[in-house]
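The entries follow the order in which I went through the chains.

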Amino acid sequence: MSHTLRSEFERWKSETLAKAVGRMPEQPERTVTVSGRPVEALYVPDDLTDEAARRAYLEQLGFPGEHPFTRGVQPTMYRSRFWTMRQYAGFATAEETNQRYRFLLANGQTGLSVAFDLPTQIGYDSDHPLAEGEIGKVGVAIDTLADMEVLFDSIPLDKVSTSMTINAPASVLLAMYIAVGAKQGVPAEKLTGTIQNDVLKEYIARGTYIFPPAPSLRVITNIFAYAARNVPRFNTISVSGYHMREAGCTAAQEVGFTLADGIEYVQAAINAGLDVDKFAPRVAFFFGAMTDVLEEVAKFRAARRLWARIMTERFGATNPRSCMLRFHTQTCGATLTAQQVDNNVVRVALQALSAVLGGTQSLHTNSRDEALALPTEKAVQVALRTQQIIAHESGVAHTVDPLAGCYYVEKLTDQIEAEARAIIQKVDEMGGMVRAIEQHYPQGEIERSAYQYQQEIERDERVIVGVNRYRTEENAQPEILTIDPAVTRRQIERLNKVRGERDATAVNRALDALEQAARGDDNLMPLILDAVQAYASVGEICGRLRTVFGEYEEVSM
Amino acid sequence: MNDRTVTATRPKRILIGKVGLDGHDRGAKFIVRALRNAGYEVIYTGIRRTPEQIVRTAVDEDVDAVGLSLLSGAHKELFARVSELIKAEGADNVVLFAGGTIPDKDIPYLKSLGFRHVFTPGVPLSEILSALEQELGAGSTSVTEASP
Amino acid sequence: MDALLDKLRQGDRRSLARAMSLVDGQDAQAEALTDRLRRSTGQVPWWGFTGPPGVGKSTLIDALLTILRQRGRRIGVVAVDPTSPMSDGALLGDRVRMMRHAVDRDVFIRSLATHHREGGLSDATIHCARILEVGGFDPVLIETVGVGQNEVDIASVADLSVVILGPGYGDDIQLIKAGLLEVADLVVVNKCDLPEANRLLKEVHAEFGGMPQAYPAQSSDPETADGGVPSPQPRAKSPVIVGIEAKSGIGVDDLLDRLLECDAAARTPEQRECHRRRRVLGEIRRSAMHRYELALDRALSAPDAADLVNRLETGAVSLESVIAALSEAALRFDFSPPAPRIRS
């Protein structure tokens, strides 16, 4: 007995949708167009007569909130609640960043996103020789728990969700976040947020790695296990494609390599004895949004469908939440030009639109001056308003997956899924992502795509408005943010002060215990938590781990 | 088809370096390939190099030019260090140039350090190549034998 | 010239580097220097490293540098990469894997391009190795481009030739193994953390291990059989075979010990004289052949050559007479090196 598409649709409406609406009601203003026309939650081709076509629809698209989640991981999507508007921020010292956070929260931002400076990301303290010139430049400098306390001063961790872009030392920063919460009286179970914690893409495209792959994966699985028990509402990994896209890969490569990384993490966790249906629901993803709107929409849909299939086919996941690809999106910085910077506002708007049409869970929009430096407050505000205008004025959030059924988008979705699958197959043949990285496979593919893209621009085969076409005489550059050189001095002063005031014996004891555990098999998180609470620094903790794990050496061209 | 002319002068040698902790190497890798295709001998340092490593390499390899790529905002401090070390080595003939997210207002300072060119985002490759050609001469000069 | 040589002997970095640039061109000043260098070198062991691209030569050399430094040696490295046939440029990509040694005063690494020369080396390789020797570096390691058929150059230049193999070369391995017979004093199989590499190691042992007489690493030269050059003794042992994992350094200590053993065995006065002579003969042969090729090309591009070739095609003249005519024309070319360029 075959169900018609219509009866399936009715079933979805009365069961899945109804349950979701009961939990989170739809906002009335999002159920009509600007002209007052009512808008349904979902549109399907319910007049399809061909049985094969109906089957294809159910198999390939289905319904939002149901496997394979092509149309969205959640039944009502933005009708109930918008994506989280989460602007990445962080610079200089914890005080200045704290002020920017309070500004953003007051302006309607709904979640915090922390950018750390390079020394912090690479596990060095601000007084390390390699930190020279880098302190506070690309993000906030965090050396000890004292900095973290200042960073979240007057920000209630039980009310705010925080995403931390931190990878190699993610364990340390997560421990600090937990410690700050504890000081505020917020138990760890209540904390929500994300740590990026995706070391594989560091080796491939971003470069802020510390340790070699094997010990890094060990620490990552330690975090999974610890968080599943103690910080269950935290997303403990954000498997990232954004940086590989920024490094120049194609849409299909972004999906292929990212999901291949995801597979490697899931497998590592299973190998470490974790139950896939317990930790997979907390695996999140992070993609870029380029300016080719329709290809990006197809990309997001393809990624969702492919991951859902991988989780059931390959890992036998039975919990539907294990199969939901939830993702954060950032508009692609590499598309921003230093020429005619106002054009970037338009680019970002289109990119943000593609992410919303593609069903993202949270979104960061770049500021127009980011080709030049970290953004000014004014520019950041425009970027935030861009999201708010899409949310409240464009109408695209009023129905789920509005571009479904568009011949072009559906075709692209199929193609990208197929190409990504082929890439994953290739990685499998190489023995997994760690092996593939050792053989320079993803790096080489990305370099090739990047080179080709750049050549197209150089030969004027690809137009970048304001750069190789429609140029104008540039006037003075707009005001940009500069980091006060005194930042370095202040940060090092504070570090020395903390070192002077803490109990040195307790610190050493904690670090010794950590080092010993690192040589064995124990979960390192509790020991890292002890160390941060004794005010051991990021550099001291990572330094001990470096002696045990060694350092990763880049595989070259 | 190899024209077996004697190369009386060798191609110019360029070092492309990533100094500091910044790991974004897309631009550097593109330039490395482009310079090779333009006839230069190119040495790439890889990421996360100290000013000392870069200058030592430049001297031992007797390069004609050093190009630094940096996107983390640490250019003023780190490039100053490189410039200082190059001068200390007495390698004044080395042409210094830079690329990356460098605001216009910092360019005069970098020029005062000895950086002859600062290539900011969006500068076309052709402009970079012609600037380098002016400084160094073309990629390779092949000279055929003089007397029959 | 004496002043320069003094500076080189003192190990003055800039002078060493500058001298290497000088010999990488071909002007008369360079020739004066190379002649002097030839006189004053030949005592220090030169070890050549060759193998297919991507097999881990640079990574291995990087690991060897670390261990050699621990043992108190000062090492020179000449790393050769191919010149692009299209652009005459080159990506000199070996040194990037040795950057940890960049600031060590007891290590000197120089990257060179082949400048279209075949055989895995450039003309300047030998000169740069000599400069490093003069500068007090001992041993000198030479890394070449090599895929199996073209390593004969390194065998004539280096005292010991190390061929590195790794998994993943499929059928090329047969070609490579064929080339090995002429060259390898040591065969190193890298990436032995992988099962495929271990299989390869077994294969190599099966093929070469325990051979009673070695390949002759250099066949005796018939023209000089009576009194010219002493013929090298055929080696009493087959190539030494070692499995390693270069990235982590596993097996590299052991490899170094075997290298030093082979080196000691090859350091009898007769052997050393033989190696030196072989090296110089190789130099002569390479340079002369290059000149002859250039001369032939010149003669063939002369206006009357086309006519000659036509006459050969129609059978009006014989091949022998064409060659004789071309040779005569070629001998008339002047190949003395051009005047030195002014360096800015």
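I began with chain B, where, among contacts (heavy atoms within 4.5 Å) between residues at least 6 apart in sequence, 73% join residues at least 24 apart. Chain B holds five helices and five strands, which are DSSP runs numbered from the N terminus, with helices being H or I of at least four residues and strands being E of at least two. From the N terminus on, I read the elements of chain B as β-α-β-α-β-α-β-α-β-α. Of its 148 residues, 62% count as buried, where buried means under 20% relative accessible area, exposed over 50% and partly exposed in between, with a 1.4 Å probe and protein chains only.

I noted the conventions before going on: this is a predicted model, in which local features need pLDDT of at least 70 and side-chain atom pairs count only at pLDDT 80 or more, while totals for chains, interfaces and linings use all residues. Residues are numbered from 1 along each chain as its sequence is written, chains are lettered from A and ligands numbered from 1 in the order in which they are written, and side-chain values use heavy atoms, with hydrogens and water left out.

Next I looked at where chain A meets chain B, and found 37 residues of chain A in contact with 34 residues of chain B. The area buried between them, that is the accessible area (1.4 Å probe) that two parts lose on being put together, summed over both, is about 2900 Å², with 55% of it given by carbon and sulfur atoms. How many salt bridges does the rule find across the interface of chain A and chain B? It finds three, a salt bridge being a side-chain nitrogen of Lys or Arg within 4 Å of a carboxyl oxygen of Asp or Glu. I looked up the salt bridge between Arg33(B) and Glu447(A), with 3.6 Å from N to O. On the side of chain A that touches chain B, helices H4 (118-121), H7 (199-206), H9 (242-246) and H17 (441-458) of chain A each supply at least two residues, and H17(A) gives the largest share, seven residues.

Arg544(A) and Glu515(A) form another, with the closest N and O atoms 2.7 Å apart. Arg544(A) is buried at a relative accessible area of 18%, and Glu515(A) is buried at 18%.

Glu273(C) is partly exposed at 31% relative accessible area, and Arg276(C) is partly exposed at 27%.
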